[in-house]
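Subject: Structure handover

Hello,

Here is the structure for you to look over. My notes on it follow below.

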2 protein chains.
Amino acid sequence: MSIAETAAAAKSASIQLAAVKTDVKNKALAEIAEALRENSAEIVSANEQDLTDAQKSNLSAPLLKRLKFDEQKIADVCAGIESLIKIDDPVGRTIRSTELDGGLELYKVSCPIGVIGVIFESRPDALVQISTLCLKSGNAVLLKGGSEAQHSNKILADVVSRASEKAGIPKGWLGLMETRADVAEILKMDQYIDLLVPRGSNEFVRHIMDNTNIPVLGHAEGICHVYVDAGADVDMAIRIAVDSKCQYVAACNSVETMLVHYGIAEEFLPQVKAALEEKGVELRGCEKTAAIIEVKAVTEEDWSTEYLDYILSIKVVGSPPEAIEHINRYGSGHTDAIITNDSGAAEEFMDLVDSANVFWNCSTRFSDGYRYGLGAEVGISTNKIHARGPVGMEGLLIYKWKLLGSGQVVADYSGSGGKRFTHKKLNKDCEL
Amino acid sequence: MSIAETAAAAKSASIQLAAVKTDVKNKALAEIAEALRENSAEIVSANEQDLTDAQKSNLSAPLLKRLKFDEQKIADVCAGIESLIKIDDPVGRTIRSTELDGGLELYKVSCPIGVIGVIFESRPDALVQISTLCLKSGNAVLLKGGSEAQHSNKILADVVSRASEKAGIPKGWLGLMETRADVAEILKMDQYIDLLVPRGSNEFVRHIMDNTNIPVLGHAEGICHVYVDAGADVDMAIRIAVDSKCQYVAACNSVETMLVHYGIAEEFLPQVKAALEEKGVELRGCEKTAAIIEVKAVTEEDWSTEYLDYILSIKVVGSPPEAIEHINRYGSGHTDAIITNDSGAAEEFMDLVDSANVFWNCSTRFSDGYRYGLGAEVGISTNKIHARGPVGMEGLLIYKWKLLGSGQVVADYSGSGGKRFTHKKLNKDCEL
């Protein structure tokens, strides 16, 4: 099948899948887990072929690690599927119900978005996770993996499709774009794809965001900040700065720039320098920072750089508004924290910093779907519409309006003598 | 100011406006209504200048009617502003609250989107309505009106800005793009504009949707359907067909194509023909329709044409799935109704028709924010993300995550001996 045919088939399947009942979807999920276990030898062997090819083409060690899909990874994704089975069906939930008039009832009911396009690099486990999330939420899915994982992706997509279709999920709901398929072609398919979820490096996500009319759920950069206010507890600020920077430097929610109020800088900076340098962090500071501690000079470029490494830029600021302005100017709207005992400063910071996640007295590393208790995470979004911050399955849902009447026409409600709407809250579930 | 400077000022004002308290916003709204009344003579005279210019350039009668902004229209928009003052502030509402651990509380709190770009034709009342909706929801707004309304728009924007800024709303929150400003330039301003709301003709909205990376809230076409099922009450079906087509032909929610089950066609078609022709509707039918009643022959193009006129295309179908397939293929995902006494057919139709509004036994003309009881309407959206169908003020809102801690770091929650998250529902409002 061509890319367009695969996409058209997914669109068509998505219509049917939206109406598939909960028990069928859960049965399909159980069948998928079973099939993954049954075919584990074949899957691992396909993955080994990818690993061998990758080693030949000198793929870096971290990429090789992400590419690896062994028995343990299979057990992990199966555990994920089993917890997905347990959660309530997010489709068909009545969000709002209103009586417009006697016998004329309006229901706002959750439903799937339609076709989700997922473009991901390396990790084959992403294929299983996202496709089962789509299934549970009633969405069809078009997957495009990296060429380095082609054998793994092929067999995983086959196993997931076959097991789910056997359980009654509409044929074609999962489409795998073969590696020869051009990402550029997928980005043009706005007639079939309703939402794109890219998973991969910043450059990769940025490229996708800049080259499609399809809505994209994700984030390109994670330039996060910790602002240490004049009213901060110094010990707490040190602990949080170290955790935000070092707990996992390659994460999008790790901190890249620390802003320090001048009133606390002389006390705080020497101590935080010692703590960070002990972890191997290179410090780059503004002139005011350099007047207090020895640091490399920061450049303008540093403020908008996501290091994803043991490097931290530091700026001394004169006030909370200066910190807020710096963050709104250079940040990526991801996660920013204030450390202070002054609740007024915290409120101002959290109101005025225009980011998906604004924190008070805790590490930026908490911004994550699992830590938030959202269950499965679709991704972290820095969008300003639809879904923001860590996004759980609700990011794959929208709603439709169902109006149940008994012959009503608008003409009867028009003009000065017309009938009036009651607009009464119903608080009941839609029965259709 | 250049367009970019006006947009940058709006972005900057939007940050401050997001944190403006309810009483200040309400006071500003009251001041705007008062200023509109006080300046009514000047406003009407500016509008008369636009009307004179428009007559000279032979603007059509419907456009002239939309352009007119007289004392009555001023009274109407002021009444709208007064009802806006009465509604609860939609900003700062706690949507979800979770304890992650003792002293570590997560709040999902509603907030404005940021900068809303509104591009509208003719109607000067749209300027007042949308800018006051933006103000109440804490959004800055960039307005671009039609050149035919330039004098009206200029004075209205001045009055709204001055009155609101006097009451404490941040300067620059409302930017009027002068008529010389190119729409094309606005469509490129994704660094400043977070959401575009176009108001105008289908071609105009389609043009905007196809030429920007900024998310657009709206609908290009309204190709709506009524499907008369075999199980329909014939009298009800006739009433609903006539209302859906004729109650206001120029509306986006009026019907363009009627699908009729063959089992009821012989009884229904002659009667509905009589009723529709009495209203002056021209009928265009498929071959099966033509075998029962005298109609003009329909062409393939008719199925995807929004007439916005006294014309209706008719197709006889063999089953509900055939009707559903036709609607999903040719419709615009706006509003589609089934007329039947068979609840199974109704359920199938409402589940499988992929439209924002799916109706059972009532007129398509009900799909409207006012009739739905949403209060002020931002527009009707056929998007698959963020907001769908008639959109009230909630379409101008998103949320941010506020995490309130007491020194927590992620390292303490890592590894096998780490602390565990409680993920306990809190059901309490965020105090910051």
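Start with how the chains are related. In this predicted model, a rotation of 180° superposes chain A on chain B, with 0.0 Å of shift along the axis and an RMSD of 0.0 Å. The two copies are thus related as by a two-fold rotation axis. Both use the same surface: 100% of the contact residues of chain A recur in chain B. Look at A:H386 for the axis. Of the residues of chain A, A:H386 comes closest to it, with its C-alpha at 2.0 Å.

Next, the interface. Here 61 residues of chain A are in contact with 61 residues of chain B. Several elements of chain A supply at least two residues each to the side that touches chain B. The strands are β1 (94-101), β2 (104-112), β13 and β16 (397-408). The helices are α10 (234-246), α14 and α15 (369-372). Which element gives the largest share of that side of chain A? The answer is β16(A), with 11 residues.

Helix α14 (residues 343-352) of chain A deserves a look too. Its buried residues are A:A345, A:A346, A:F349, A:M350 and A:D351.

Some overall figures for chain A:
- It holds 15 helices and 17 strands.
- Its C-alpha atoms fill a box of roughly 75 × 75 × 35 Å along the principal axes.
- Of its 432 residues, 55% count as buried.
- Among its contacts between residues at least 6 apart in sequence, 73% join residues at least 24 apart.

Now a sheet in chain B. Four strands form an open sheet in the order β5-β4-β3-β6. The pairing is parallel. At the edges stand β5 (174-177) and β6 (195-199) of chain B. Each has a single partner strand, so one side of each is left without a neighbour in the sheet. From one strand to the next, the twist averages 20°. Strand β3 (residues 115-120) of chain B pairs with β6(B) over 5 bridges, in the parallel sense. In that pairing, B:F120 has B:R199 of β6(B) as its bridge partner. Helix α1 (residues 3-17) of chain B packs on the sheet. It touches β3, β4 (140-144) and β5 of chain B, and its direction makes about 150° with that of β4(B).

Back in chain A, there is a helix pair to check. Helix α5 (residues 71-86) and helix α6 (residues 124-136) of chain A pack at an angle of about 10°, with their axes 10 Å apart. That makes α5(A) roughly parallel to α6(A). The crossing is right-handed. On the α5(A) side, the contact is made by A:K73, A:D76, A:V77, A:G80, A:I81 and A:L84. On the α6(A) side, A:D125, A:V128, A:Q129, A:T132 and A:K136 take part.

Is B:V242 buried or exposed? It is buried, with 21 other C-beta atoms within 10 Å. Leaving aside residues up to four places away in sequence, B:V242 touches B:A275, B:L276 and B:K279. The C-alpha atoms of B:V242 and B:E278 are separated by 9.9 Å, though these residues are 36 apart along the chain.

Best wishes

Technical notes. Residues are numbered from 1 along each chain as its sequence is written. Chains are lettered from A and ligands numbered from 1 in the order in which they are written. This is a predicted model: local features need pLDDT of at least 70, side-chain atom pairs count only at pLDDT 80 or more; totals for chains, interfaces and linings use all residues. Copies are superposed by least squares on the C-alpha atoms of residues with pLDDT of at least 70 in both. Two residues are in contact if their C-beta atoms, placed from the backbone, lie within 7 Å. Two strands pair if DSSP finds at least two bridges between them. Axes are lines fitted to C-alpha atoms, for helices over the stretch in contact, and angles run from 0 to 180 degrees between N-to-C directions. A residue is buried if 20 or more other C-beta atoms lie within 10 Å of its own, exposed if 12 or fewer, and partly exposed in between; C-beta atoms are placed from the backbone. Angles under 35 degrees count as roughly parallel, over 145 as roughly antiparallel, 65 to 115 as roughly perpendicular and the rest as oblique. A crossing is left-handed if the near helix is turned anticlockwise from the far one by less than a right angle, and right-handed if clockwise.
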